[in-house]
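Work through the two exercises below with the sequence and the model in view. Try each task yourself before you read its solution.

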Amino acid sequence: MSRLLLLLSILILCGHVHGRYNLPGQSDLISDGVRQYGTSSYSYSHNFLTLHRPSLNADDSTCDETYGFLPCTTTILGNLFLIIVYGGLMYLAATYLTNGSELLLEILGPGIIGGLFLPILGALPDAMLILVSGLSGSTETAQDQVSVGMGLLAGSTVMLITVVWGSCVFIGKCDIENNIAVDNKDTKKLSLTGSGVSTDIWTSYSAIIMAVSVIPFIVVQLPQLLSSTYLRQLAVLIGLVFSLALLISYCMYQVFTPWIQRRRFAYVKHKHIISGLLKQLKMRALGKLLDDNGELNEGVITKLFHTIDVDKDKSISPSELRALIVGIRFDEIELDEDDAVEKVMKDFDTTRDSLISLDEFKAGVQKWLNEAKRAGKSTSNSGSHAEKFLDDFHEQTKKEHDLIVGEEDQSDEIVEGVDNPKKTSIKAGLMLLAGTLIAAAFADPLVDAVDNFSDATSIPTFFISFIALPLATNSSEAVSAIIFASRKKKRSASLTFSELYGAVTMNNVLCLSVFLALVYVRGLTWDFSAEVLVIVIVCVVMGVFGSLRTTFPLWTTSIAYLLYPFSLVLVYVLDYIFGWS
């Protein structure tokens, strides 16, 4: 809050600073006692001064104060100062929104809060800037300033998925062994292939979703190649519908992801129990589980049954089953024995009498072997291949378990209970309100400052907003991601990259929806072919790259880092050399 008061004080003081130029021909010129008006020495001095100050034409020497009191200027340094101050306020807004969202998440947990409100609040500063860039003044003014919104949209997307992504790999790198990064082990230092990060399978799904989120850009862009104005406007409307549909779908996916993850993890645990028990039965079998024809070897299965039936009552009780499971090492993966017994009894005990008979045991083993065959992709029914497909099935279940980080693997991320939920809720609400109000209040002045800076320097507004504005609106996300990646654990890396992919996805659907709504409602011209191409290339490349692998060696950072300058160069070449815009 002290930072907010400091920045506001600076702005208020700036608003009371005025100045004017003394021009030749004015009656109130003050002589310096050295030169006389009209001499050659004055002419030299006058020409020199005009190089260091803006034109004094009426159109260039004035600017409109936002809200009637916030300062404005036409000078380069003055606008640069305003961009820094307003950018700092937008950064402060983003920080308040992030911290307030995290507090709210601690109280209410995931689901609707984590899946719906948090992603939207994270993209709110960007959405505000895009909104005000297209609402300013007349249609001509809005058309000019809307490039600020497009620059921010493209800049945020590219920065998060290139510079921040690569930095997270570099900061979070660990030693790679057996194609998996080992937690908290970083002895290979800058090895391009032996050091990197690993993520879970859910992160790969997030990367795929990010790549899919560029579809509305393509829908809008393709008809722009035609000369029909009607088709172009129709394309904007269709793109808006697509974007809103993807936004709703993504939010629903986020809401139900915790439930999906729990179901998925339960399924993988079940498969791991099957794999471990089949491996144990194969080791204890006096012969092969399958005969030479690939059928169940009933003689061997019967002997196994009697071996497990310790009290010889011709049935396997839960306690006898538990004794078998306790003796199995599930590759150092901790499983609840009671939960494992319950799952096995559910699969084998068809009569629901809490006992497994010989026939039920045979049927259950046959069912599990068939499942292992399907999962192991066995192409032969020969009994000689039984050991092979069981080993394949076992290796597959181990990999699936490593890829999926479930609730039981979150011991390092346990969130302690909130001591005072009511007080914390009020604090979270106030932070969210403050962040929203600051973003809404200073988005318009920031857009004006960027536009004025562009006029003063002749630098296109797109490049200014592409480079500078994401530093204000996305810095808190970037810093948070890098700090989290520095924990050097697979779980923290998975959450870091999932949040980066999620932030880009929300930019692509929420911010694009706002942008397309402005273009359609205000009748603006969609003239951003080069910018759209950059967003599509970067998102598809990094999305496909992130979906095809779960381990990222250090060399992958070069791809991410190079995509950032490539994006700037591509827009410049297409717009200012080939004349796409």
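**Exercise 1.** Work out how K173, D186 and K488 are linked in a network of salt bridges.

*Solution.* Begin with the criterion: a salt bridge is a side-chain nitrogen of Lys or Arg within 4 Å of a carboxyl oxygen of Asp or Glu. The model is predicted, with local features needing pLDDT of at least 70 and side-chain atom pairs pLDDT 80 or more, while totals for chains, interfaces and linings use all residues. Residues are numbered from 1 along each chain as its sequence is written, and side-chain values use heavy atoms, leaving out hydrogens and water.

Next, take D186 and K173, whose closest N and O atoms are 3.0 Å apart in a salt bridge. D186 lies in the loop between β2 and β3 and K173 in the loop between α6 (139-172) and β1, so this pair ties together parts 13 residues apart in sequence (helices are DSSP runs of H or I with at least four residues, strands runs of E with at least two, numbered from the N terminus).

**Exercise 2.** Decide whether D186 and K173 are buried or exposed.

*Solution.* Apply the cut-offs, with buried meaning under 20% relative accessible area, exposed over 50%, and partly exposed in between (1.4 Å probe, protein chains only). D186 has 19% relative accessibility and therefore counts as buried, and K173, at 6%, counts as buried too.
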